[in-house]
Amino acid sequence: MRVGVLTGGGDCPGLNAVIRAAVRKGVQEYGYDFIGFRDGWRGPLENDTVPLDIRAVRGILPRGGTILGSSRTNPLKSEGGIRRVKETLVKQEVDALIAIGGEDTLGVAARLSGDYGIRCVGVPKTIDNDLSATDYTFGFDTAVNIATEAIDRLHTTAESHMRVLVVEVMGRHAGWIALHSGLAGGANVILLPEQRFDVDQVCAWVESRFKIRYAPIVVIAEGAMPRDGDVVLKDDTLDSFGHVRLSGVGEWLAKEIEKRTGKEARTTVLGHVQRGGTPSAFDRWLATRFGLHAIDAVRDEDFGKMVALRGTDIVRVPLAEATARLKTVDPSLYAEAEVFFG
Ligand code: F6P
């Protein structure tokens, strides 16, 4: 058996841990060969490969990023994409493919496996934690830790200057990072893509915080939208999956707060810092288990499936089902956090 591995979409801490675990178990216990495809679906599309054996995965467990590279290439939107992917797999004698990615990368795996008979197993990754069918994606815990540390640091400088600090975190359609880091970091306002916000209400919370002589911290997800208005963008170009490049709402909100309250407000955009660097222990643990279970799914020829965390168990769910809908923050979870607002 020869197994191809690729990592697609935005990178996240823990990708290397998945690759290492799948290769270690596949080689040591099942005697499989591996081949890496570079830069997500671009690898099979353009027959761009990298050798992948036990030697190649030594020492990568704590390393962020991905030794295979990543991209948002979409073979379904490329000229002759399916045919080219199939040709590469035949040429490289690949019997099965492990695709490690988020909604987009796994959406492609679901189509290739459901409609075109390509033998795929999916592994869910994204710092956004917005894939349904799994309790957590790896990368999320690291991103939350980074954002929480930033919020802790911002509290002290905000208090020295008695100014509002707005922290913009990632989260396109789902505000999991904002909610978890905002709660863990003791934010005074948390704003998510799932619920439009009222700028006057945000200003009221900010002012009530100043009244008790504390400086407010506002955590906002990049995909959050004001009640009267649209998504705020600095850049309106699209990636190859048709997504706009988010960021800008934090800066916009700080200006509105200044204008409406007369208080000084500044913005920190955490951006790709949340995706870089070494994975947390939880993410290494989860990613390693996903890798071990993905290669077991290959051994069982259980294709068209994604490995997922349910409680402490790793289960297999149909790829099509796993990518059919996003996991967003339930209003009741957001309501829990509101007790700390203002
Ligand atoms: O897909 C996860 C994510 O982190 C989103 O939250 C964010 O909008 C996006 O990636 C940004 O990715 P990039 O800058 O690589 O296009």
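**Domain interface and loops**

A: This is a predicted model. Across the interface of domain 1 and domain 2, one residue pair is in polar contact, with both residues at pLDDT 80 or more.

Q: What residue types are on the side of domain 1 that touches domain 2?
A: Five are nonpolar, five polar and six charged.

Q: How many salt bridges between domain 1 and domain 2?
A: One. Arg 275 forms a salt bridge with Asp 11, and their closest N and O atoms are 3.0 Å apart.

Q: Back up. Where are the bounds of domain 1 and domain 2?
A: The domain assignment gives 2-138 + 279-322 for domain 1 and 143-275 for domain 2. Their centres, taken over C-alpha atoms, are 33 Å apart.

Q: How many residues are in contact?
A: 16 residues of domain 1 contact 15 residues of domain 2.

Q: And what area is buried between domain 1 and domain 2?
A: About 1400 Å², with carbon and sulfur atoms giving 53% of that.

Q: Which three residues supply more than any other three on the domain 1 side?
A: Arg 72, Ile 127 and Asp 128. They supply 40% of the area that domain 1 buries against domain 2.

Q: New topic. What is the phi of Glu 93?
A: About 55°, a positive value, although Glu 93 is not a glycine. Glu 93 sits in the loop between α3 (81-91) and β4 (96-101).

Q: Buried or exposed, that Glu 93?
A: Exposed, at a relative accessible area of 58%.

Q: What about Glu 301, where does that lie?
A: In the loop between α9 (281-299) and β10 (305-310). Glu 301 is partly exposed, with a relative accessible area of 48%.

Definitions and conventions
Residues numbered from 1 in each chain as written. Predicted model: local features only at pLDDT ≥ 70, side-chain atom pairs only at ≥ 80, totals over all residues. Heavy atoms only, no water. Helix = DSSP H or I, 4+ residues; strand = E, 2+ residues; numbered from the N terminus. Buried < 20%, exposed > 50% of the residue type's maximum accessible area, 1.4 Å probe, protein only. Domains from an automatic or database assignment. Contact = heavy atoms within 4.5 Å. Buried area = accessible area lost by both parts, 1.4 Å probe. Salt bridge = Lys/Arg side-chain N within 4 Å of Asp/Glu carboxyl O. Polar contact = N/O pair within 3.5 Å; in protein donor to acceptor, adjacent residues only side chain to side chain. Nonpolar A, V, L, I, M, F, W, Y, C, P; charged D, E, K, R; others polar.
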